[in-house]
Amino acid sequence: QVQLVESGGGLVQPGGSLRLSCAASGSIFSINAMGWYRQAPGKQRELVAHISSGGTTNYADSVKGRFTISRDNGKNTVYLQMNSLKPEDTAVYYCKAEVGLQVGLYDYWGQGTQVTVSS
């Protein structure tokens, strides 16, 4: 059973910072690409940041220069450092991992963590 457990969400003021973590556990053979997505009420889920197994990163234009995605392969964990937060960053943030199992390669999602940016 593979689980992605997210943490680090919460309420912050505009201009503040949060660091999200997502740790994978279970019978995992390998983890390839990992990413962060977000979904605001009434909107579709969108890609925020992506990091490949080799460390190549991609970001949505709306977060470039403010967010940083990183990973610790030894801990099977991906992070999202969010700085200079804006009210429009308010959303539920989900992590995703491409997980290699004995039976094949599958995408797994975290449960989501709420990020609210408000004064």
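Buried denotes a relative accessible area under 20%, exposed one over 50%, and partly exposed one in between, with a 1.4 Å probe and protein chains only. The legends below concern a predicted model, in which local features need pLDDT of at least 70 and side-chain atom pairs count only at pLDDT 80 or more, whereas totals for chains, interfaces and linings use all residues. Residues are numbered from 1 along each chain as its sequence is written, and side-chain values use heavy atoms, with hydrogens and water left out.

**Figure 1. Threonine 77 in strand S8.** Threonine 77 lies in strand S8; strands (E, at least two residues) and helices (H or I, at least four) are DSSP runs numbered from the N terminus. Because its relative accessibility is 8%, threonine 77 counts as buried. Its side chain reaches the backbone oxygen of lysine 75 at 2.9 Å, a polar contact (a pair of N or O atoms within 3.5 Å; within protein, one must be able to donate a hydrogen and the other to accept it, and residues adjacent in sequence count only if both atoms are side-chain atoms). Leaving aside residues up to four places away in sequence, threonine 77 touches Cys22, Ala23, Met34, Ser70, Arg71 and Asp72, where contact means heavy atoms within 4.5 Å.

**Figure 2. Arginine 71, buried without a salt bridge.** Arginine 71 is found in strand S7, residues 67-72. The nearest side chain of opposite charge, that of glutamate 98, is 8.3 Å away; Lys and Arg count as positive and Asp and Glu as negative, while His and the chain ends are not counted. A salt bridge would require a side-chain nitrogen of Lys or Arg within 4 Å of a carboxyl oxygen of Asp or Glu. The arginine 71 side chain instead reaches two backbone oxygens, that of serine 52 at 3.0 Å and that of isoleucine 31 at 3.3 Å. Residues that arginine 71 touches, not counting those up to four places away in sequence, include Asn32, Met34, Ser53, Thr77 and Val78.

**Figure 3. A network of salt bridges linking Arg38, Glu46, Arg66 and Asp89.** The side chains of arginine 38 and aspartate 89 meet at 3.0 Å, N to O. This pair links distant parts of the chain, 51 residues apart: arginine 38 is in strand S4 (residues 30-39), and aspartate 89 is in the loop between strand S8 (77-82) and strand S9 (91-101). Aspartate 89 also forms a salt bridge with arginine 66 (2.7 Å, N to O). Here too the pair links distant parts of the chain, 23 residues apart, with arginine 66 in the loop between strand S6 (57-59) and S7. Both aspartate 89 and arginine 66 are buried.

**Figure 4. Glutamate 46 and arginine 38.** Glutamate 46 forms a salt bridge with arginine 38, the closest N and O atoms being 2.9 Å apart. Glutamate 46 has 36% relative accessibility and so counts as partly exposed, whereas arginine 38, at 6%, counts as buried. A search of the whole structure finds four salt bridges.

**Figure 5. The chain as context for the close-up views.** The protein chain contains 11 strands and zero helices. Its radius of gyration is 14 Å, close to the 14 Å that the globule rule gives for 119 residues, so the chain is as compact as a globular protein of that length; the radius is taken over C-alpha atoms, and the rule is 2.2 Å times the number of residues to the power 0.38. Of the 119 residues, 38% count as buried.
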